[in-house]
Amino acid sequence: MPDATTPAAQTSGTPRSERTWIFRLLASLVLPPMYLLGRYHIQDGDKLPSSGPFVLAPNHYSEIDPLVIGVAMWKLGRMPRYLTKASLFTVPVLGWFLRKTEQVPVERGTAARGSGPLDTAERLAERGLGVIIYPEGSLTRDPDLWPMRGKTGAVRMALEAGVPLIPAASWGAQQILPRYAKRISLFPRKNVVIRYGDPVDLSTFRGRNLDAAALADATTKLMDDITALVADLRGEKAPAQRWDPSQHDQRETGRFE
């Protein structure tokens with residue numbers, strides 16, 4: 001039987017389930033409290049590849065976002081692997097789970113061309129696995145939680161690895177855990193919607209020299225697609241200009257409130 005970690009499994013036969021024992025163990029710990037907190041509604045889940053590599057790029061507006069996306073990925077049979085703060089790998093128990101589930105450690109400011117994190121992520125893609133990269137790099141600074149300006153890591157990896165770049169959006173997680181809040185809202189259960197988009201059209205960038213201008217243009221296209229998904233979920237019109245922290249004297253990392 002083909003192995004889902006080999007190229008052959010991406011093109012023929014029935015791929016082996018990604019729900020390995022370690023992900024099943026993690027799910028047994030994470031899913032019950034997440035289901036207690038919310039109801040998770042997936043829209044256009046068929047746009048996430050059912051097998052083979054991809055980069056998933058969601059919006060980021062609550063500290064609980066990664067768990068929300070993880071729930072949606074589990075429901076669709078694909079296991080989540082994130083670019084994750086390296087400091088978390090030193091936390092007892094949590095660090096063990098992060099290593100066993102092949103999360104990708106990244107130091108602030110190192111997710112660049114030729115850096116360890118993206119090299120590791122590309123090796124996962126070579127095995128037919130998906131990687132989740134938040135293009136905003138941190139929680140949005142936009143006062144109304146719209147997606148802010150993006151960084152180039154997600155498009156760079158998708159272009160260099162030659163894999164689909166899937167935009168995604170969620171909305172409702174801020175009712176469970178508002179941005180920078182210290183306490184989770186337990187009751188009543190919240191409705192959270194996760195929507196997947198069509199792969200970003202990067203055809204005009206493939207085969208080109210990936211200089212700063214090309215990566216910036218590709219990232220703008222990605223953020224446009226993510227913002228459109230968020231606008232549909234919210235039933236609102238997005239701001240005409242995307243929030244840029246550098247224009248508001250805000251730091252790129254850490255809390256700003």
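**The nonpolar core and its surroundings**

A: The largest nonpolar core holds 67 residues, and Tyr40, Leu56, Leu165 and Tyr196 have the most contacts inside it. Such a core is a set of buried Ala, Val, Leu, Ile, Met, Phe, Trp, Tyr and Cys residues joined through side-chain atoms within 4.5 Å. Buried means under 20% relative accessible area, exposed over 50%, and partly exposed in between (1.4 Å probe, protein chains only). Helix α8 (residues 212-234) gives this core its largest share, 10 residues.

The model is predicted: local features need pLDDT of at least 70 and side-chain atom pairs pLDDT 80 or more, while totals for chains, interfaces and linings use all residues. Residues are numbered from 1 along each chain as its sequence is written, and side-chain values use heavy atoms, without hydrogens or water.

The chain has 8 helices and 7 strands. These are DSSP runs numbered from the N terminus (helices H or I, at least four residues; strands E, at least two). Of its 257 residues, 49% count as buried. Contact means heavy atoms within 4.5 Å. Among contacts between residues at least 6 apart in sequence, 75% join residues at least 24 apart.

Leu56 shows such contacts up close. Leaving aside residues up to four places away in sequence, Leu56 touches Leu48, Ile69, Met73, Val131, Ile132, Ile133, Ile166, Ala168 and Tyr196. Tyr196, like Leu56, is listed with those that have the most contacts in the core.

After α3 comes Gly77, with a positive phi near 85 degrees.

Helix α2 meets α3. The axes of α2 (residues 21-37) and α3 (residues 65-75) come within 11 Å and cross at roughly 120 degrees. Axes are lines fitted to C-alpha atoms, for helices over the stretch in contact; angles run from 0 to 180 degrees between N-to-C directions. The crossing is left-handed, meaning that the near helix is turned anticlockwise from the far one by less than a right angle. From α2, the contact uses Phe23, Arg24, Ala27, Val30, Leu31, Met34 and Tyr35; from α3, Leu67, Val68, Val71, Trp74 and Lys75. Of these residues, 10 are nonpolar, none polar and 2 charged. Here Ala, Val, Leu, Ile, Met, Phe, Trp, Tyr, Cys and Pro count as nonpolar, Asp, Glu, Lys and Arg as charged, and the others, Gly among them, as polar.

Burial also reaches a loop. Arg179 sits between α7 (173-176) and β7 (190-196). Arg179 is buried, at 12% relative accessible area. A polar atom of its side chain lies 2.6 Å from the backbone oxygen of Thr140. The backbone oxygen of Asp142 lies 3.0 Å from a polar atom of the Arg179 side chain.

Tyr180 is in that loop between α7 and β7 too. Tyr180 is buried, at 9% relative accessibility. Its phi is positive, near 65 degrees. Pro188 also lies in the loop between α7 and β7. A cis peptide bond joins Phe187 to Pro188, with omega about -10 degrees. Most residues other than glycine have a negative phi, and most peptide bonds are trans.

Val93 has a positive phi as well, near 70 degrees. Val93 lies in the loop between β3 (83-85) and α4 (94-100). Val93 is exposed, with a relative accessible area of 59%.

Definitions and conventions:
A polar contact is a pair of N or O atoms within 3.5 Å; within protein, one must be able to donate a hydrogen and the other to accept it, and residues adjacent in sequence count only if both atoms are side-chain atoms.
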